[in-house]
Every structure is written in C-alpha cells, then in structure tokens.
Amino acid sequence: MNIAIRRWTPPDLPAIQNLLRETWLDAYGSFIPREDLAGYLQAHYSQEKLEMLFADPDVTGLLVEMEGVVAGYAKLFHARAEQRFYMHQLYIRPAKQGLGLGHRLMACAEQHARQLGADRIWLGVMVKNTHAVSWYKKMGFAVTETAPFVMGSTTVDHYIGYVPLPLPNNR
C-alpha cells in the first residue's frame, strides 16, 4: 500500500472540497441538517476561499494519499499573535478510517508545530462527533472550554482544547 503525505497545491482544491463534503456528511450528518452543511461549506470552502487559505503563509494544508488518491486532509494554522499552533481540520474519508492515516497527519502536524516552537496542538471538535472526541482523548486531548459553533441555522457545542506534545506512541 503506497501512502504519501504532502502539502496541498492549487490543483488539489476541488479534491479537498469533495473530501470535505463526504467527510462532513459522515461526521455531522446525524445532527446538522444537510442544507446547513452545504451552506457552510460553500461560504467557507468555496474555490475562492480555499485559494485565499492557500495564499496565507500561516496556513499549511496537508493531504494524505493512498495509491495516488486523496484519502485525507489536514489544515494547520500558526496563530502568531496568540502564540498558538492550531489544527483547524483533520478529515479522513470514511472508507479509509482505521488505517492510521489520521495518526500520520497528526505526526506531520506535530513536526510542524515543534519547528515553530509549540508544545501543543490546539483544536476544536464538535461534542456530538463522539468518534473524533474519543480519538483525540486517546492522544491526551485536554478540553479547556466549550463554545457554540454555528453552521447555518444550527448551533452545536464545540470542545476547544489542545493535545500536548510529544504525541503518544499509539499509532
């Protein structure tokens, strides 16, 4: 099995949109209406918005590919003013979950965070996304607050916290 992780490029942006659509329906479809998901994706992850993210020097996009096909994606953000390193997104296609791809993306995020002098990776995860919450907790995820997250007409609770570095070796 050929697995590669690389930085995103402009031609990858449509594949990222498709991956987000698929993974969001899987992760959030049971508690966020489809029209709210679609509206949020369009508002925040249109081709134009992704191009703006791509051009931001503080944003790093990573793709994990299996046999040359995009299987997962992570968006990292260096918040210089806050002196924090964030993983804004980490999504693996449902059919590719359980293969260690998320851990590989987290390891790349850890390496990037350490290069910037960070000792933790900050992230947010929806409370009702119990699979992801459990996965992050296995890595030591510490919740520092719960805040509302608005997606269209839906508001859901969102854990905000961090995973300390180094990551545990349970890959």
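Tutor: A helix crossing is called left-handed if the near helix is turned anticlockwise from the far one by less than a right angle, and right-handed if clockwise. The model here is predicted, so local features need pLDDT of at least 70 and side-chain atom pairs pLDDT 80 or more, while totals for chains, interfaces and linings use all residues. Residues are numbered from 1 along each chain as its sequence is written, and side-chain values use heavy atoms, without hydrogens and water.

Student: Which hand does the crossing of H1 and H2 have?

Tutor: The crossing of H1 and H2 is right-handed. Helices (H or I, at least four residues) and strands (E, at least two) are DSSP runs numbered from the N terminus. The axes of H1 (residues 13-28) and H2 (residues 34-45) come within 11 Å and cross at roughly 145°; they are lines fitted to C-alpha atoms over the stretch in contact, with angles from 0 to 180 degrees between N-to-C directions.

Student: Which residues in H1 and H2 meet?

Tutor: Contact means heavy atoms within 4.5 Å. From H1, Gln-17, Leu-20, Arg-21, Trp-24, Leu-25 and Tyr-28 meet Arg-34, Leu-37, Tyr-40, Leu-41 and Tyr-45 of H2.

Student: How are aromatic pairs read, and what is the count?

Tutor: A ring pair is described by the distance of the centres and the angle of the planes. Rings of Phe, Tyr and Trp (its six-membered ring) pair if their centres lie within 6.5 Å; planes under 30 degrees apart are stacked, over 60 edge-to-face, the rest tilted. The count here is 12 aromatic pairs. Tyr-136 and Phe-141 form a tilted pair, because their planes stand at 50°, with centres 6.0 Å apart.

Student: Are Tyr-136 and Phe-141 buried or exposed?

Tutor: Buried means under 20% relative accessible area, exposed over 50%, and partly exposed in between (1.4 Å probe, protein chains only). Tyr-136 is buried at 7%, and Phe-141 is buried at 7%.

Student: What is the phi of Glu-67, and where does Glu-67 lie?

Tutor: Most residues other than glycine have a negative phi, and most peptide bonds are trans. Glu-67 has a positive phi of about 55°, in the loop between E2 (59-66) and E3 (69-79). Glu-67 is exposed, because its relative accessible area is 54%. Gln-83, also not a glycine, has a positive phi near 55° and lies in the loop between E3 and E4 (84-92).

Student: Which peptide bond is cis?

Tutor: The bond from Leu-165 to Pro-166 is cis, with omega near 5°. Pro-166 is in the segment after E7.
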